[in-house]
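Please load the model in your viewer and keep the selection tool at hand. We will go from stop to stop, and at each one you will hear what to select and what is there.

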Amino acid sequence: MPEATTSIDYVMEKASGPHFSGLRIDGPTSSPPASSATAPSVADVNAPKQPFVIGVSGGTASGKTTVCDMIIQQLHDHRVVLVNQDSFYRGLTPEESERVHEYNFDHPDAFDTEQLLDCIKTLKSGQPYQVPIYDFKKHRRCSDSFRLVNASDVIILEGILVFHDQRVRSLMNMKIFVDTDADVRLARRIRRDTVERGRDLDSVLEQYAKFVKPAFDDFVLPSKKYADVIIPRGGDNHVAIDLIVQHIHTKLGQHDLCKIYPNVYVIQSTFQVVEHGLGHLPFTEKQVVTPTGSMYTGVDFCKKLCGVSIVRSGESMENALRACCKGIKIGKILIHRDGDNGKQLIYEKLPNDISERHVLLLDPVLATGNSANQAIQLLIEKGVPESHIIFLNLISAPEGIHCVCKRFPSLKIVTSEIDVALNEEFRVIPGLGEFGDRYFGTDD
Ligand SMILES: Nc1ncnc2c1ncn2[C@@H]1O[C@H](COP(=O)(O)OP(=O)(O)O)[C@@H](O)[C@H]1O
Ligand SMILES: Nc1ccn([C@@H]2O[C@H](COP(=O)(O)O)[C@@H](O)[C@H]2O)c(=O)n1
Ligand SMILES: [Mg+2]
């Protein structure tokens with residue numbers, strides 16, 4: 001019969017055992033039956049290591065191509081490629097060509113969306129793609145020539161209907177809608193189509209009234225709601241374009257860090273950091289019978305685990321950890337931070353058997369990495385293997401990632417954002433201020 005404290009420990013440990021988190025990194029040791037209630041895969045948690053895909057939509061002649069060119073120019077980065085939805089216009093049949101004035105080029109069916117999907121998926125997988133070349137004067141594709149687009153870190157996909165198809169939208173990490181006044185667009189379109197696309201004024205006006213404007217109202221405008229960013233006035237809006245370029249730079253920086261350190265995981269902002277961290281633990285499949293008598297298949301952690309919060313901010317993540325793992329043991333480490341020299345260990349209280357556990361180390365902000373390194377070093381001195389530590393945080397600075405990953409290459413970092421840099425006071429910028437003060441309400 002175990003002692004009272006041991007039995008409480010036992011009950012708590014059991015309670016923290018099986019957990020049916022939705023986020024798994026590796027498949028279970030044996031595949032679950034097809035009928036089982038399996039959680040979504042986390043294969044896509046490596047998304048930042050894939051190209052960053054930006055969709056740019058808007059009405060005809062709103063300035064989509066112009067905005068994309070400006071973004072590419074300002075990035076000064078050869079790792080950006082542009083794909084135009086126009087390239088995927090279906091060629092007209094001879095009958096359609098004879099009655100071209102009756103053809104609706106602004107309807108979603110005018111595009112070969114399957115081929116467009118194939119193109120973006122191929123580029124996202126790191127392979128080059130031969131993009132068709134479309135001739136607006138002849139209304140057909142050049143049969144023997146293609147534009148070879150190489151895989152890249154950033155893919156920009158622009159076109160009037162790139163937000164229309166849900167499958168295309170789901171491939172995008174960022175969606176921009178170029179919002180330009182309809183009169184301005186018509187004026188630009190008349191000039192462009194008569195000068196560049198071999199049209200006369202009457203045909204442009206007729207096509208606009210018959211197809212372009214109705215399709216804008218029916219398909220383009222309704223897709224504006226999917227945009228993350230709306231740029232009024234298109235290419236004239238330098239402020240918006242500067243902000244977008246800055247954001248892409250940040251994403252490219254994250255991409256580089258993830259390439260250098262394969263153990264750094266930047267999760268999509270819709271995912272929960274703690275749940276994602278749990279997804280990195282070894283597990284086996286487990287079936288339980290629910291109170292209603294039905295069988296549920298989930299996962300059971302193979303190893304014991306515990307949390308360790310770096311006081312005080314790390315404590316803000318404890319509720320999330322407890323919500324996922326009821327009764328989990330949580331240790332504490334308090335480190336005094338002095339400038340960038342966070343070296344002084346003030347207090348620690350850790351589970352006695354911590355060396356047998358996988359440790360989820362909690363601290364919402366990774367800045368210089370000095371206090372994190374101090375905490376990790378302490379865990380290693382207590383016998384925790386480096387590879388058994390998962391450091392969970394919400395925001396990190398590139399400096400902190402370098403500092404921790406160089407010293408502890410086998411540890412995993414799971415973060416939801418890598419910000420631009422540290423300022424001279426060693427605070428993450430843009431960051432979110434003093435996290436502990438804001439969370440606990442002690443910021444005046
Ligand atoms: N801000 C602007 N000021 C003046 N002309 C512009 C501006 N933006 C685009 N244009 C012109 O308008 C026409 C349509 O622009 P474009 O970028 O090709 O639009 P879209 O790709 O949305 O159809 C082009 O001839 C372009 O040079
Ligand atoms: N053969 C074609 C194909 C397309 N169009 C028009 O092009 C417009 C889309 O291109 P933007 O650069 O303006 O976005 C669309 O509105 C079609 O009407 C065409 O006229 N002829
Ligand atoms: Mg265009």
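**Before you start**

This is a predicted model, in which local features need pLDDT of at least 70 and side-chain atom pairs count only at pLDDT 80 or more, while totals for chains, interfaces and linings use all residues. Residues are numbered from 1 along each chain as its sequence is written, chains are lettered from A and ligands numbered from 1 in the order in which they are written, and side-chain values use heavy atoms, with hydrogens and water left out.

**Stop 1: the whole chain**

Show everything as a cartoon. The chain holds 13 helices and 20 strands; helices (H or I, at least four residues) and strands (E, at least two) are DSSP runs, numbered from the N terminus. Of its 444 residues, 48% count as buried, where buried means under 20% relative accessible area, exposed over 50% and partly exposed in between (1.4 Å probe, protein chains only). Take the contacts between residues at least 6 apart in sequence: 70% of them join residues at least 24 apart. Contact here means heavy atoms within 4.5 Å.

**Stop 2: the five-stranded sheet**

Select E2, E5, E1, E6 and E7, in that order: these five strands form an open sheet with parallel pairing. Two strands pair if DSSP finds at least two bridges between them. At the edges are E2 (80-84) and E7 (229-232), each of which pairs on one side only. Neighbouring strands of this sheet are turned by 20° against each other on average, direction ignored. Angles run from 0 to 180 degrees between N-to-C directions, and axes are lines fitted to C-alpha atoms, for helices over the stretch in contact.

Glycine 55 stands opposite lysine 175 in E6.

Which residues does glycine 58 touch beyond its neighbours within four places in sequence? Glycine 58 is in contact with Lys64, Gly159, Ile160, Phe177, Val178 and Val220. Glycine 58 belongs to E1 and counts as buried because its relative accessibility is 0%. Draw a distance from glycine 58 to valine 220: they are 162 residues apart in sequence, yet 6.7 Å apart in space, C-alpha to C-alpha.

**Stop 3: two crossing helices**

Select H6 (residues 182-195) and H7 (residues 201-220), whose axes come within 11 Å and cross at roughly 135°. That angle makes H6 oblique to H7; angles under 35 degrees count as roughly parallel, over 145 as roughly antiparallel, 65 to 115 as roughly perpendicular and the rest as oblique. Show side chains where the helices meet: among them are Leu186 and Ile190 in H6, and Val204, Tyr208 and Phe216 in H7.

**Stop 4: the seven-stranded sheet**

Select E8, E18, E16, E14, E11, E12 and E13, an open sheet in that order with mixed pairing. E8 (264-266) and E13 (344-349) are its edge strands, each pairing on one side only. From one strand to the next, the twist averages 20°. Within this sheet, find E16 (residues 389-393) and E18 (residues 412-415), a parallel pair with four bridges. Leucine 392 has valine 414 in E18 as its bridge partner.

**Stop 5: a hairpin**

Move to E9 (residues 283-289) and E10 (residues 295-301), antiparallel strands joined by seven bridges. Threonine 284 stands opposite aspartate 300 in E10. Five residues lie between the strands of this hairpin, where glycine 293 takes a positive phi near 90°.

**Stop 6: one side of a helix**

In H12 (residues 398-407), select Pro398, Gly400, Ile401, Val404 and Cys405, which are buried. They lie on the same side of H12 because they cover an arc of only 155° around the axis, taken from the directions from the helix axis to the C-beta atoms.

**Stop 7: backbone spots**

- Valine 311 and arginine 312 are joined by a cis peptide bond, with omega about 10°.
- Alanine 61, in the loop between E1 and H2, has a positive phi of about 55° although it is not a glycine.
- Histidine 139, in the loop between E3 (129-135) and E4 (140-149), has a positive phi near 60°.
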